Amino acid sequence: MVPSHRRVALLGATGSIGRQSLEVLRREPDRFDLVAISGGEQLAELAAIQREFGVSWVGVKSPAHRERLALLVDESVEILVGDEGLRQLAQSADVVVNAVMGFAGLPVTIGALEAGVRLALANKESLIAGAPLVERARATPGAELVPVDSEHCAIYQCLVGASAQRGRPDVRRLLLTASGGPFRGMSSAQLQHVTREDALRHPTWSMGDKITVDSSTLMNKGLEVLEASALFGVEVARIDVVVHPQSVVHSMVEFVDGSILAQLSNPDMRLPIAYSLGLPERLDHRWGALDFSSGVELTFEAPDRSSFRALDLAYEAARLGGAAPAWLSAANEVAVDAFLARRIQWCDLVPLVATVMEHYESDELATLGALYENDATARRLATGNLPH
Ligand code: NAD
Ligand code: MG
(Lines give C-alpha, C1' and ligand atoms only; values in the text may rest on other atoms or scores of the structure.)
(Ligands and ions follow the chains in the order given, each with its own letter.)
Protein backbone atom coordinates (compact mmCIF):
# COMPACT_ATOMS: atom_id res chain seq x y z
CA MET A 1 0.00 0.00 0.00
CA VAL A 2 1.22 3.49 -0.79
CA PRO A 3 0.77 5.75 2.23
CA SER A 4 -1.61 8.60 1.38
CA HIS A 5 0.85 11.23 2.58
CA ARG A 6 4.56 10.55 2.18
CA ARG A 7 6.88 12.57 4.35
CA VAL A 8 9.70 13.97 2.21
CA ALA A 9 13.11 15.31 3.24
CA LEU A 10 14.70 17.46 0.52
CA LEU A 11 18.36 18.01 1.30
CA GLY A 12 20.10 20.50 -0.95
CA ALA A 13 16.73 22.22 -1.41
CA THR A 14 18.17 25.48 -2.77
CA GLY A 15 20.04 23.99 -5.75
CA SER A 16 19.01 23.10 -9.28
CA ILE A 17 17.64 19.65 -8.36
CA GLY A 18 16.25 21.07 -5.10
CA ARG A 19 14.20 23.76 -6.85
CA GLN A 20 12.88 21.34 -9.44
CA SER A 21 11.92 18.94 -6.64
CA LEU A 22 9.93 21.75 -5.03
CA GLU A 23 8.03 22.20 -8.31
CA VAL A 24 7.06 18.52 -8.19
CA LEU A 25 5.98 18.82 -4.55
CA ARG A 26 3.90 21.96 -5.27
CA ARG A 27 1.99 19.98 -7.87
CA GLU A 28 1.23 17.14 -5.46
CA PRO A 29 0.22 18.61 -2.08
CA ASP A 30 -2.11 15.70 -1.34
CA ARG A 31 0.57 13.11 -1.84
CA PHE A 32 3.66 14.59 -0.22
CA ASP A 33 4.43 16.48 2.94
CA LEU A 34 7.79 18.28 2.99
CA VAL A 35 9.10 17.90 6.55
CA ALA A 36 12.85 18.58 6.28
CA ILE A 37 15.12 20.70 4.07
CA SER A 38 18.74 21.81 4.03
CA GLY A 39 20.90 24.25 2.14
CA GLY A 40 24.38 25.74 1.94
CA GLU A 41 24.71 29.51 1.61
CA GLN A 42 21.27 30.62 0.40
CA LEU A 43 19.64 31.19 3.81
CA ALA A 44 16.90 33.62 2.69
CA GLU A 45 15.77 31.10 0.08
CA LEU A 46 15.89 28.32 2.66
CA ALA A 47 13.71 30.37 5.03
CA ALA A 48 11.23 31.09 2.22
CA ILE A 49 10.92 27.36 1.46
CA GLN A 50 10.46 26.63 5.17
CA ARG A 51 7.58 29.11 5.35
CA GLU A 52 5.91 28.07 2.11
CA PHE A 53 5.80 24.37 3.02
CA GLY A 54 5.62 24.68 6.83
CA VAL A 55 8.77 22.59 7.17
CA SER A 56 9.64 21.43 10.72
CA TRP A 57 13.39 20.73 10.44
CA VAL A 58 16.03 22.72 8.57
CA GLY A 59 19.71 21.79 8.12
CA VAL A 60 22.56 24.29 7.72
CA LYS A 61 26.33 23.98 7.39
CA SER A 62 27.66 25.61 10.57
CA PRO A 63 26.68 27.23 13.89
CA ALA A 64 27.18 30.63 12.24
CA HIS A 65 24.66 29.70 9.55
CA ARG A 66 22.27 28.55 12.27
CA GLU A 67 22.46 31.94 13.99
CA ARG A 68 21.70 33.75 10.75
CA LEU A 69 18.82 31.44 9.80
CA ALA A 70 17.28 31.65 13.29
CA LEU A 71 16.60 35.34 12.60
CA LEU A 72 14.57 34.42 9.51
CA VAL A 73 12.33 31.59 10.73
CA ASP A 74 9.83 31.01 13.54
CA GLU A 75 11.39 29.74 16.77
CA SER A 76 9.38 26.51 16.58
CA VAL A 77 11.51 25.47 13.60
CA GLU A 78 14.32 23.11 14.60
CA ILE A 79 17.67 23.98 12.99
CA LEU A 80 20.25 21.21 12.73
CA VAL A 81 23.93 21.74 11.94
CA GLY A 82 26.63 20.08 9.86
CA ASP A 83 27.14 16.44 8.87
CA GLU A 84 25.40 15.14 11.98
CA GLY A 85 22.44 17.41 11.21
CA LEU A 86 22.22 16.09 7.65
CA ARG A 87 22.35 12.51 8.93
CA GLN A 88 19.49 13.16 11.34
CA LEU A 89 17.40 14.95 8.72
CA ALA A 90 17.89 11.96 6.41
CA GLN A 91 16.22 9.86 9.09
CA SER A 92 13.16 12.09 9.46
CA ALA A 93 11.10 11.08 6.42
CA ASP A 94 9.70 8.27 4.27
CA VAL A 95 11.54 9.51 1.16
CA VAL A 96 14.82 11.40 1.23
CA VAL A 97 15.89 13.35 -1.85
CA ASN A 98 19.66 13.80 -1.80
CA ALA A 99 20.16 16.94 -3.91
CA VAL A 100 23.31 18.10 -2.10
CA MET A 101 26.28 18.84 -4.35
CA GLY A 102 29.43 16.70 -4.06
CA PHE A 103 30.96 14.52 -1.36
CA ALA A 104 29.21 16.71 1.26
CA GLY A 105 26.10 14.63 0.51
CA LEU A 106 27.58 11.47 2.04
CA PRO A 107 25.80 11.74 5.45
CA VAL A 108 22.48 11.95 3.61
CA THR A 109 23.10 8.84 1.53
CA ILE A 110 24.33 6.72 4.43
CA GLY A 111 21.80 8.19 6.90
CA ALA A 112 18.74 7.48 4.73
CA LEU A 113 19.78 3.94 3.84
CA GLU A 114 20.64 3.10 7.45
CA ALA A 115 17.22 4.42 8.49
CA GLY A 116 15.64 1.90 6.09
CA VAL A 117 13.78 4.43 3.95
CA ARG A 118 13.76 5.35 0.28
CA LEU A 119 16.71 7.38 -0.93
CA ALA A 120 15.96 9.30 -4.14
CA LEU A 121 19.57 9.90 -5.15
CA ALA A 122 20.68 12.80 -7.32
CA ASN A 123 23.99 13.17 -5.46
CA LYS A 124 26.16 10.76 -7.42
CA GLU A 125 29.45 11.71 -5.70
CA SER A 126 28.55 10.04 -2.38
CA LEU A 127 27.66 6.75 -4.05
CA ILE A 128 30.76 6.76 -6.27
CA ALA A 129 33.15 7.60 -3.44
CA GLY A 130 31.64 5.30 -0.84
CA ALA A 131 30.36 2.43 -3.01
CA PRO A 132 31.36 -0.45 -0.67
CA LEU A 133 29.92 1.36 2.36
CA VAL A 134 26.76 2.37 0.55
CA GLU A 135 26.35 -1.24 -0.56
CA ARG A 136 26.44 -2.32 3.08
CA ALA A 137 23.92 0.35 4.14
CA ARG A 138 21.60 -0.76 1.33
CA ALA A 139 21.16 -4.10 3.09
CA THR A 140 19.18 -2.37 5.88
CA PRO A 141 15.60 -3.71 5.86
CA GLY A 142 13.33 -1.21 4.09
CA ALA A 143 16.20 0.68 2.49
CA GLU A 144 15.59 1.47 -1.16
CA LEU A 145 17.88 3.34 -3.56
CA VAL A 146 16.11 4.97 -6.49
CA PRO A 147 18.31 6.98 -8.85
CA VAL A 148 17.31 10.52 -9.87
CA ASP A 149 20.20 11.01 -12.30
CA SER A 150 18.36 10.87 -15.63
CA GLU A 151 20.51 8.13 -17.22
CA HIS A 152 20.26 5.87 -14.20
CA CYS A 153 16.58 6.53 -13.75
CA ALA A 154 16.17 5.49 -17.41
CA ILE A 155 18.05 2.23 -16.79
CA TYR A 156 16.05 1.64 -13.61
CA GLN A 157 12.84 2.01 -15.61
CA CYS A 158 14.12 -0.34 -18.33
CA LEU A 159 14.88 -2.95 -15.68
CA VAL A 160 11.36 -2.41 -14.31
CA GLY A 161 11.09 -2.13 -10.58
CA ALA A 162 13.29 -2.39 -7.58
CA SER A 163 13.05 -6.05 -6.69
CA ALA A 164 14.99 -7.77 -9.44
CA GLN A 165 17.28 -5.07 -10.75
CA ARG A 166 20.67 -5.93 -9.29
CA GLY A 167 23.09 -8.30 -10.95
CA ARG A 168 20.50 -9.45 -13.46
CA PRO A 169 21.76 -12.36 -15.57
CA ASP A 170 19.64 -11.35 -18.57
CA VAL A 171 21.47 -8.00 -18.95
CA ARG A 172 24.40 -7.95 -21.39
CA ARG A 173 25.36 -4.31 -21.07
CA LEU A 174 24.22 -0.87 -20.07
CA LEU A 175 24.41 1.94 -22.63
CA LEU A 176 24.76 5.33 -20.98
CA THR A 177 23.91 8.19 -23.28
CA ALA A 178 25.85 11.47 -23.16
CA SER A 179 24.95 14.77 -24.80
CA GLY A 180 28.65 15.29 -25.50
CA GLY A 181 28.49 18.68 -23.78
CA PRO A 182 29.23 22.09 -25.29
CA PHE A 183 32.58 21.04 -26.78
CA ARG A 184 31.49 17.97 -28.73
CA GLY A 185 33.41 17.66 -31.99
CA MET A 186 36.26 19.96 -30.92
CA SER A 187 39.88 18.86 -31.32
CA SER A 188 42.45 18.89 -28.49
CA ALA A 189 43.99 21.99 -30.09
CA GLN A 190 40.64 23.85 -30.14
CA LEU A 191 39.97 22.80 -26.55
CA GLN A 192 43.06 24.71 -25.37
CA HIS A 193 41.16 27.97 -25.75
CA VAL A 194 37.70 27.33 -24.31
CA THR A 195 36.60 29.56 -21.42
CA ARG A 196 34.65 29.31 -18.18
CA GLU A 197 31.64 30.92 -19.89
CA ASP A 198 31.81 28.40 -22.77
CA ALA A 199 31.94 25.51 -20.29
CA LEU A 200 28.90 26.77 -18.39
CA ARG A 201 26.76 26.85 -21.55
CA HIS A 202 25.31 23.34 -21.70
CA PRO A 203 23.48 22.57 -24.96
CA THR A 204 20.54 20.57 -23.56
CA TRP A 205 20.35 20.74 -19.72
CA SER A 206 20.23 23.60 -17.21
CA MET A 207 22.02 22.41 -14.05
CA GLY A 208 24.24 23.52 -11.17
CA ASP A 209 27.71 24.86 -12.05
CA LYS A 210 29.73 21.83 -10.89
CA ILE A 211 27.83 19.23 -12.92
CA THR A 212 27.74 21.59 -15.92
CA VAL A 213 31.54 21.83 -15.89
CA ASP A 214 31.75 18.05 -15.43
CA SER A 215 29.56 17.64 -18.50
CA SER A 216 31.93 19.78 -20.55
CA THR A 217 34.93 17.52 -19.74
CA LEU A 218 32.87 14.29 -19.91
CA MET A 219 33.95 13.70 -16.28
CA ASN A 220 30.24 13.67 -15.50
CA LYS A 221 29.83 10.70 -17.83
CA GLY A 222 32.88 9.02 -16.30
CA LEU A 223 31.36 9.49 -12.85
CA GLU A 224 28.07 8.13 -14.19
CA VAL A 225 29.78 4.95 -15.40
CA LEU A 226 30.97 4.40 -11.81
CA GLU A 227 27.52 5.35 -10.51
CA ALA A 228 25.79 2.83 -12.80
CA SER A 229 28.19 0.08 -11.81
CA ALA A 230 27.53 0.67 -8.10
CA LEU A 231 23.77 1.04 -8.55
CA PHE A 232 23.08 -1.95 -10.76
CA GLY A 233 25.92 -4.31 -9.81
CA VAL A 234 27.25 -4.39 -13.39
CA GLU A 235 31.02 -4.28 -13.91
CA VAL A 236 32.24 -1.30 -15.96
CA ALA A 237 33.48 -3.55 -18.78
CA ARG A 238 29.78 -4.02 -19.55
CA ILE A 239 28.92 -0.32 -19.42
CA ASP A 240 29.36 1.69 -22.63
CA VAL A 241 29.00 5.39 -23.31
CA VAL A 242 27.14 6.53 -26.43
CA VAL A 243 27.06 10.17 -27.48
CA HIS A 244 23.51 11.27 -28.28
CA PRO A 245 23.40 15.06 -28.71
CA GLN A 246 19.60 15.45 -28.49
CA SER A 247 19.37 14.12 -24.89
CA VAL A 248 16.08 12.37 -25.62
CA VAL A 249 17.14 8.75 -25.17
CA HIS A 250 18.25 8.89 -21.54
CA SER A 251 19.99 5.52 -21.54
CA MET A 252 19.49 1.94 -22.67
CA VAL A 253 19.80 -1.65 -21.52
CA GLU A 254 20.90 -4.41 -23.88
CA PHE A 255 19.71 -7.87 -22.91
CA VAL A 256 21.46 -11.16 -23.71
CA ASP A 257 19.19 -11.83 -26.72
CA GLY A 258 20.25 -8.52 -28.32
CA SER A 259 17.04 -6.68 -27.44
CA ILE A 260 17.59 -3.08 -26.34
CA LEU A 261 15.16 -1.14 -24.16
CA ALA A 262 15.41 2.62 -23.83
CA GLN A 263 13.61 5.41 -21.96
CA LEU A 264 12.78 8.52 -23.98
CA SER A 265 11.58 11.96 -22.96
CA ASN A 266 12.56 15.59 -23.46
CA PRO A 267 15.35 16.58 -21.09
CA ASP A 268 13.52 17.66 -17.92
CA MET A 269 14.77 16.59 -14.48
CA ARG A 270 11.29 16.94 -12.99
CA LEU A 271 10.43 13.65 -14.69
CA PRO A 272 13.02 11.46 -12.89
CA ILE A 273 12.44 13.40 -9.65
CA ALA A 274 8.68 12.74 -9.83
CA TYR A 275 9.33 9.10 -10.76
CA SER A 276 11.58 8.54 -7.75
CA LEU A 277 9.06 10.19 -5.41
CA GLY A 278 5.95 8.51 -6.78
CA LEU A 279 7.18 4.94 -7.33
CA PRO A 280 5.44 2.48 -7.64
CA GLU A 281 2.93 4.92 -9.08
CA ARG A 282 3.65 7.23 -12.00
CA LEU A 283 2.53 10.77 -11.35
CA ASP A 284 0.24 12.25 -13.97
CA HIS A 285 2.08 15.17 -15.53
CA ARG A 286 3.42 16.05 -18.98
CA TRP A 287 7.00 16.90 -18.07
CA GLY A 288 9.32 15.57 -20.72
CA ALA A 289 6.53 14.48 -23.06
CA LEU A 290 7.68 14.16 -26.68
CA ASP A 291 5.79 15.41 -29.71
CA PHE A 292 6.68 13.23 -32.68
CA SER A 293 4.43 15.20 -35.03
CA SER A 294 6.94 18.04 -35.06
CA GLY A 295 9.75 15.61 -35.97
CA VAL A 296 12.20 14.10 -33.51
CA GLU A 297 15.70 13.36 -34.72
CA LEU A 298 17.82 10.91 -32.77
CA THR A 299 21.51 10.43 -33.61
CA PHE A 300 24.25 8.42 -31.93
CA GLU A 301 28.04 8.43 -32.16
CA ALA A 302 31.07 7.16 -30.26
CA PRO A 303 32.69 9.48 -27.68
CA ASP A 304 36.03 11.07 -28.60
CA ARG A 305 38.20 9.47 -25.95
CA SER A 306 41.46 11.04 -27.12
CA SER A 307 40.29 14.65 -26.68
CA PHE A 308 38.19 13.86 -23.58
CA ARG A 309 40.45 11.85 -21.28
CA ALA A 310 38.12 11.90 -18.28
CA LEU A 311 36.25 8.82 -19.48
CA ASP A 312 39.37 6.66 -19.51
CA LEU A 313 40.35 7.99 -16.07
CA ALA A 314 37.00 6.88 -14.68
CA TYR A 315 37.26 3.40 -16.21
CA GLU A 316 40.77 3.13 -14.76
CA ALA A 317 39.50 4.17 -11.30
CA ALA A 318 36.87 1.44 -11.56
CA ARG A 319 39.55 -1.10 -12.47
CA LEU A 320 41.61 -0.06 -9.42
CA GLY A 321 38.50 -0.25 -7.20
CA GLY A 322 38.64 0.43 -3.44
CA ALA A 323 39.13 4.11 -2.76
CA ALA A 324 40.21 5.02 -6.32
CA PRO A 325 36.75 6.32 -7.34
CA ALA A 326 36.71 8.42 -4.13
CA TRP A 327 40.08 9.91 -5.13
CA LEU A 328 38.89 10.62 -8.66
CA SER A 329 35.75 12.37 -7.45
CA ALA A 330 37.53 14.35 -4.69
CA ALA A 331 40.33 15.52 -6.99
CA ASN A 332 37.72 16.48 -9.56
CA GLU A 333 35.77 18.55 -7.01
CA VAL A 334 38.93 20.50 -6.15
CA ALA A 335 39.75 20.99 -9.84
CA VAL A 336 36.24 22.22 -10.71
CA ASP A 337 36.22 24.60 -7.73
CA ALA A 338 39.54 26.05 -8.88
CA PHE A 339 38.26 26.37 -12.44
CA LEU A 340 35.07 28.14 -11.31
CA ALA A 341 37.26 30.47 -9.20
CA ARG A 342 39.31 31.16 -12.38
CA ARG A 343 42.48 29.72 -10.83
CA ILE A 344 43.00 27.15 -13.60
CA GLN A 345 42.03 26.83 -17.26
CA TRP A 346 39.52 24.36 -18.64
CA CYS A 347 42.32 22.32 -20.25
CA ASP A 348 43.99 21.95 -16.80
CA LEU A 349 40.96 20.23 -15.25
CA VAL A 350 41.41 16.61 -16.29
CA PRO A 351 45.25 16.62 -16.18
CA LEU A 352 45.04 17.79 -12.54
CA VAL A 353 42.82 14.82 -11.68
CA ALA A 354 45.17 12.49 -13.60
CA THR A 355 48.15 13.79 -11.61
CA VAL A 356 46.40 13.04 -8.32
CA MET A 357 45.45 9.55 -9.49
CA GLU A 358 49.14 8.78 -10.18
CA HIS A 359 49.65 8.93 -6.40
CA TYR A 360 46.81 6.59 -5.55
CA GLU A 361 47.72 3.87 -3.10
CA SER A 362 45.33 0.96 -2.90
CA ASP A 363 42.86 1.03 -0.01
CA GLU A 364 39.84 -1.23 0.42
CA LEU A 365 37.68 1.40 2.06
CA ALA A 366 36.46 -0.76 4.93
CA THR A 367 35.19 2.05 7.15
CA LEU A 368 33.65 5.50 6.95
CA GLY A 369 36.79 6.84 8.67
CA ALA A 370 38.93 5.42 5.88
CA LEU A 371 36.68 7.07 3.30
CA TYR A 372 37.03 10.50 4.92
CA GLU A 373 40.81 10.02 5.13
CA ASN A 374 41.06 9.07 1.47
CA ASP A 375 38.88 12.00 0.47
CA ALA A 376 41.09 14.38 2.48
CA THR A 377 44.32 12.95 1.01
CA ALA A 378 43.10 13.30 -2.57
CA ARG A 379 41.93 16.87 -1.89
CA ARG A 380 45.27 17.76 -0.30
CA LEU A 381 47.18 16.41 -3.30
CA ALA A 382 44.91 18.20 -5.75
CA THR A 383 45.18 21.49 -3.85
CA GLY A 384 48.97 21.10 -3.70
CA ASN A 385 49.03 20.88 -7.49
CA LEU A 386 47.12 24.11 -8.06
CA PRO A 387 49.05 27.18 -9.24
CA HIS A 388 49.91 29.51 -6.34
P1 NAD B 1 23.57 22.89 -7.04
O2 NAD B 1 24.95 23.40 -6.85
O3 NAD B 1 22.62 23.64 -7.89
O4 NAD B 1 22.87 22.69 -5.60
C5 NAD B 1 23.50 22.01 -4.58
C6 NAD B 1 22.73 22.07 -3.26
O7 NAD B 1 23.59 21.55 -2.25
C8 NAD B 1 22.36 23.50 -2.82
O9 NAD B 1 21.18 23.45 -2.04
C10 NAD B 1 23.54 23.89 -1.93
O11 NAD B 1 23.23 24.89 -1.00
C12 NAD B 1 23.85 22.57 -1.25
N13 NAD B 1 25.26 22.43 -0.85
C14 NAD B 1 26.34 22.70 -1.61
N15 NAD B 1 27.47 22.47 -0.91
C16 NAD B 1 27.07 22.04 0.31
C17 NAD B 1 27.76 21.64 1.50
N18 NAD B 1 29.10 21.65 1.56
N19 NAD B 1 27.05 21.24 2.57
C20 NAD B 1 25.70 21.22 2.53
N21 NAD B 1 24.98 21.59 1.44
C22 NAD B 1 25.67 22.01 0.35
O23 NAD B 1 23.72 21.39 -7.57
P24 NAD B 1 22.72 20.54 -8.50
O25 NAD B 1 23.02 20.80 -9.91
O26 NAD B 1 21.33 20.66 -8.00
O27 NAD B 1 23.26 19.06 -8.21
C28 NAD B 1 23.04 18.39 -6.98
C29 NAD B 1 23.46 16.93 -7.15
O30 NAD B 1 22.62 16.32 -8.13
C31 NAD B 1 24.89 16.78 -7.68
O32 NAD B 1 25.47 15.64 -7.08
C33 NAD B 1 24.70 16.53 -9.17
O34 NAD B 1 25.73 15.74 -9.73
C35 NAD B 1 23.40 15.77 -9.19
N36 NAD B 1 22.65 15.90 -10.45
C37 NAD B 1 22.20 17.13 -10.85
C38 NAD B 1 21.50 17.25 -12.04
C39 NAD B 1 20.93 18.58 -12.47
O40 NAD B 1 20.17 18.63 -13.44
N41 NAD B 1 21.25 19.68 -11.80
C42 NAD B 1 21.27 16.13 -12.83
C43 NAD B 1 21.74 14.89 -12.39
C44 NAD B 1 22.42 14.80 -11.20
MG1 MG C 1 23.11 12.43 -15.63
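Where in the structure is the place of Ser265? Ser265 is found in the loop between β11 and α13, where helices (H or I, at least four residues) and strands (E, at least two) are DSSP runs, numbered from the N terminus. The model is a predicted one, in which local features need pLDDT of at least 70 and side-chain atom pairs count only at pLDDT 80 or more, while totals for chains, interfaces and linings use all residues. Residues are numbered from 1 along each chain as its sequence is written, chains are lettered from A and ligands numbered from 1 in the order in which they are written, and side-chain values use heavy atoms, with hydrogens and water left out.

Ser265 has a relative accessibility of 5% and counts as buried; buried means under 20% relative accessible area, exposed over 50%, and partly exposed in between (1.4 Å probe, protein chains only). Not counting residues up to four places away in sequence, Ser265 touches Ser247, Val248, His250, Leu271, Gly288 and Leu290, contact being defined as heavy atoms within 4.5 Å. One of these residues, Leu271, is among the buried residues of α13. Because 9 of the 9 residues of α13 are buried, the helix is largely enclosed by the rest of the structure.

Strand β11 belongs to an open sheet of 4 strands, in the order β9-β8-β10-β11, with mixed pairing; two strands pair if DSSP finds at least two bridges between them. Strands of a sheet pair through backbone hydrogen bonds, either parallel or antiparallel. The edges of the sheet are β9 (239–243) and β11 (260–264), each with a single partner strand, so one side of each is left without a neighbour in the sheet. From one strand to the next, the twist averages 20 degrees; axes are lines fitted to C-alpha atoms, for helices over the stretch in contact, and angles run from 0 to 180 degrees between N-to-C directions. Within the sheet, β8 (residues 171–178) and β10 (residues 249–255) run antiparallel and are joined by 4 bridges. Leu175 stands opposite Met252 in β10. Helix α8 lies across β8, β10 and β11, and runs at about 40 degrees to β10.

The magnesium ion (ligand 2) is coordinated by Asp149 (OD), Glu151 (OE) and Glu224 (OE), at 2.1 to 2.2 Å. Donors are N, O and S atoms within 2.8 Å of the metal (3.2 Å for Na, K and Ca); water is not among the atoms, so sites may look incomplete. The spacing of the donor residues in sequence is D-x1-E-x72-E. Asp149 lies in the loop between β7 (144–147) and α8 (150–158), and Glu224 in helix α12 (residues 219–232), so the pair ties together parts that are 75 residues apart in sequence. Asp149 counts as buried, at 7% relative accessibility, as does Glu224, at 1%.

The count of aromatic pairs comes to 5. Rings of Phe, Tyr and Trp (its six-membered ring) pair if their centres lie within 6.5 Å; planes under 30 degrees apart count as stacked, over 60 as edge-to-face and the rest as tilted. Phe308 and Trp346 form an edge-to-face pair, 6.4 Å centre to centre with 80 degrees between the planes. This pair links distant parts of the chain, 38 residues apart: Phe308 is in the loop between α13 (270–278) and α14 (310–320), and Trp346 in the loop between α15 (324–340) and α16 (349–358). Both Phe308 and Trp346 are buried. A further edge-to-face pair is formed by Trp327 and Tyr360, at 5.3 Å centre to centre and 80 degrees between the planes. Trp327 in helix α15 and Tyr360 in the loop between α16 and α17 (368–384) are 33 residues apart, and both are buried. Phe183, Phe308 and Trp346 form one aromatic cluster.

Ser38, in strand β2 (residues 32–38), is buried, with a relative accessible area of 4%. Leaving aside neighbours within four places in sequence, the contacts of Ser38 include Leu10, Gly12, Leu46, Gly59 and Val100. Pro132, in helix α7 (residues 131–138), is partly exposed, with a relative accessible area of 33%.
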